[in-house]
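This briefing sets out helices, cores, salt bridges and aromatic contacts, grouped by topic. Please read it alongside the sequence and the coordinates.

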Amino acid sequence: MDYHHPDDRKNILKDLERLTNHITEENNDRNETFNFLMIAWNKVSDPLWYLGYWDDYYKCASLVLGCAKQINQNEALGQVLNEIGWNEMENGELKKAKQRFTQALKKYRATPDGIVGQCRTLRYLGTLYHRQRRFGSALKCYQKALRLMDENKKLVVETRQIASERAEIHNVLGNLCLKLYDFNNCKSKLLYSLEQYELLHQNFNQEIGDFYLYFQGAPLLNLGRLHFEICEFKLAREYYNKCIYLCRQIHRPDMEAGALIRLAELAKLEGNQSEAI
């Protein structure tokens, strides 16, 4: 399948529609069909999102959400509500996104194994508050997510999903600490996040390829920003360059552009106009 080809993306929507039509009919195997629908959605959702086809992503996710409501499967509802909410947040529809995240949190709380989902949703809410510059509310959400994981350590095995969620919460916490000029906590959070993502890549790259390389860009860029703020320009440059190298390796132009802009800012400050341009 070529996700860059419009016809192939249309076929994804058609395939999901066929499954949803089977579920909306009162069939005895509708639960089994719904499980198959979720497998299909989980397979195509990441490529659609990370390749930037957000409109197709939204249309497909909306189909899946309608079916999840009919089946009344809380874990699936929580997942898709979060996915649609994040899409809406990226499009600036913060009020809608908050409603989705709040609904998702309720669904995960009604799920016996919903700890990871609750933590992810709290992180999403924290990110939303951060974008609204409600830093206190963002901090509470991030801290609550970490506390939830710590409190349930004896009940929940430290799975790959929990480890990656913990790594990302430390990244966003580090970013928030940077915004609040709490540089010591910022550094420790970001280094922890980067180390955990590196470890996850080492342990699972044979199984899922470069998936965890994608997430290393954010803590690298944030570490560069931190060292820029505290005037450690050599270290800032090193982290920016590491981020750029990584982004070129995994073909992530959005993050690369952010690192190049920061590198130009640093060059200008150092008086190197030719490099800044």
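Lys242 is located in helix H12 (residues 233-250), where helices (H or I, at least four residues) are DSSP runs numbered from the N terminus. Lys242 counts as partly exposed because its relative accessibility is 47%; buried means under 20% relative accessible area, exposed over 50% and partly exposed in between, with a 1.4 Å probe and protein chains only. Between Lys242 and Gln216 there are 9.9 Å in space, C-alpha to C-alpha, although they are 26 residues apart in sequence.

The model is predicted: local features need pLDDT of at least 70, side-chain atom pairs count only at pLDDT 80 or more, and totals for chains, interfaces and linings use all residues. Residues are numbered from 1 along each chain as its sequence is written, and side-chain values use heavy atoms, with hydrogens and water left out.

- Because 15 of the 17 residues of H6 are buried, the helix is largely enclosed by the rest of the structure.
- The buried residues of H13 are Met255, Glu256, Ala259, Leu263, Ala264, Leu266 and Ala267.

**Nonpolar cores**

- The largest nonpolar core contains 53 residues, and Phe34, Leu37, Trp41, Leu48, Val80, Phe101 and Ile169 have the most contacts inside it; a nonpolar core is a set of buried Ala, Val, Leu, Ile, Met, Phe, Trp, Tyr and Cys residues joined through side-chain atoms within 4.5 Å.
- Leu37 touches Leu16, Leu19, Thr20, Ile23, Val64 and Cys67, not counting residues up to four places away in sequence; contact means heavy atoms within 4.5 Å.
- A second, separate core has 24 residues, among them Leu194, Ala218, Phe228 and Ala236.

**Salt bridges**

- The count comes to 13 salt bridges, each defined by a side-chain nitrogen of Lys or Arg within 4 Å of a carboxyl oxygen of Asp or Glu.
- Glu88 and Arg100 meet in one of them at 3.1 Å, N to O. This pair links distant parts of the chain, with Glu88 in helix H4 (residues 74-90) and Arg100 in helix H5 (residues 94-109), 12 residues apart.
- Both Glu88 and Arg100 are buried.
- Glu93 and Lys96 form a salt bridge at 3.3 Å, N to O. Glu93 is partly exposed at 31% relative accessible area, and Lys96 is partly exposed at 43% relative accessibility.
- Glu265 and Arg262 are joined by a salt bridge whose closest N and O atoms are 3.6 Å apart. Both residues lie in helix H13, three residues apart, about one turn of the helix.
- Glu265 is partly exposed at 35% relative accessible area, and Arg262 is partly exposed at 29% relative accessibility.
- Arg120, Arg123 and Glu165 are linked in a network of salt bridges.

- The structure holds 15 aromatic pairs; rings of Phe, Tyr and Trp (its six-membered ring) pair if their centres lie within 6.5 Å, with planes under 30 degrees apart counted as stacked, over 60 as edge-to-face and the rest as tilted.
- Tyr212 and Phe215 form a tilted pair, 6.4 Å centre to centre with 45 degrees between the planes, and both residues are buried.
- Ring pairs join Tyr50, Tyr197, Phe211, Tyr212, Tyr214 and Phe215 into a cluster.
- Arg252 lies over the face of Tyr214, 3.8 Å from the ring centre, and the charged end of Arg160 sits over the ring of Phe204, 5.5 Å from its centre. A charge sits over a ring if NZ of Lys or CZ of Arg is within 6 Å of the ring centre and within 35 degrees of the ring normal.
- Ser164 has its place in helix H8 and counts as buried at 15% relative accessibility.
- Leaving aside neighbours within four places in sequence, Ser164 is in contact with Tyr197, Leu200 and Tyr212.

Conventions. Helices (H or I, at least four residues) and strands (E, at least two) are DSSP runs, numbered from the N terminus.
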